[in-house]
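I would like to walk through the side-chain interactions in one model, so please have the sequence and the coordinates open.

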Amino acid sequence: MLKTINISHIFVLDQDEALDFYVNKLGLEVSADQDLGDMRWLTVSVPGEPGRQILLEKPGPPSTDENAAEQIRELITKGASGFNVGFTTDDCRKTYQTLKERGVEFTDEPTERPYGIDCGGRDPFGNHFRIVQFPR
């Protein structure tokens, strides 16, 4: 049986810009940055959580053909990629303020929800993420 999720992915249009955003603004760390010849394998993870990585994937070969890659780029640019990744924090309001000061764009301010306090933002490409503080 399956045990864990170790990698999920987000399509990005520029891996260097994505690296800057996810590492220098959100505070994630690089897990892998390797040239595989036909693609750059670039993953990031929450510090201390290397077993769960996010692949910052540029649409294109080998996973998609050029026609599909172009359609994916158009959807990302329109912000139609939907919810991509969720993070947890011990203090949603403080995290929101810190990230906002770093220039992160938020779509939702911290809000009380039945499951905790959460807020939402997006990366430079339009991919949505959420940050939640679960009740203690």
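I will take the salt bridges, then a proline bond, and then the aromatic rings.

Before that, a word on the basis: this is a predicted model, in which local features need pLDDT of at least 70 and side-chain atom pairs count only at pLDDT 80 or more, while totals for chains, interfaces and linings use all residues. Residues are numbered from 1 along each chain as its sequence is written, and side-chain values use heavy atoms, with hydrogens and water left out.

Let me begin with the charged pairs. The structure holds 9 salt bridges, a salt bridge being a side-chain nitrogen of Lys or Arg within 4 Å of a carboxyl oxygen of Asp or Glu. One of them joins Arg40 to Asp16, with the closest N and O atoms 2.8 Å apart. This pair links distant parts of the chain, since Arg40 sits in strand β3 (residues 40-45) and Asp16 in helix α1 (residues 15-25), 24 residues apart. Helices and strands here are DSSP runs numbered from the N terminus, a helix being H or I over at least four residues and a strand being E over at least two. Arg40 is partly exposed, at a relative accessible area of 23%; on this scale buried means under 20% relative accessible area, exposed means over 50%, and partly exposed is in between, with a 1.4 Å probe and protein chains only.

Another salt bridge connects Glu66 and Arg73, where the closest N and O atoms are 3.0 Å apart. Glu66 is partly exposed at 45% relative accessibility, and Arg73 is partly exposed at 23%.

Now to a network: which residues are linked in it by salt bridges? They are Asp108, Arg113, Asp118 and Arg130. Within it, Arg130 and Asp108 form a salt bridge whose closest N and O atoms are 2.9 Å apart. That pair again links distant parts of the chain, with Arg130 in strand β8 (residues 128-133) and Asp108 in strand β6 (residues 105-113), 22 residues apart. Arg130 is partly exposed at 24%, and Asp108 is partly exposed at 28%.

Leaving aside neighbours within four places in sequence, Asp118 is in contact (heavy atoms within 4.5 Å) with residues including Cys92, Glu109 and Ile131.

A brief remark on the backbone: the peptide bond from Pro61 to Pro62 is cis, with omega near 10°, and Pro62 lies in the loop between β4 (53-57) and α2 (66-77).

Finally, the rings. The structure holds 5 aromatic pairs; rings of Phe, Tyr and Trp (its six-membered ring) pair if their centres lie within 6.5 Å, and planes under 30 degrees apart count as stacked, over 60 as edge-to-face and the rest as tilted. The rings of Phe21 and Tyr22 are edge-to-face, because their centres are 5.0 Å apart and their planes are at 85°. Both Phe21 and Tyr22 are buried. Ring pairs link Phe21, Tyr22, Phe87, Tyr96, Phe106 and Phe129 into a cluster.
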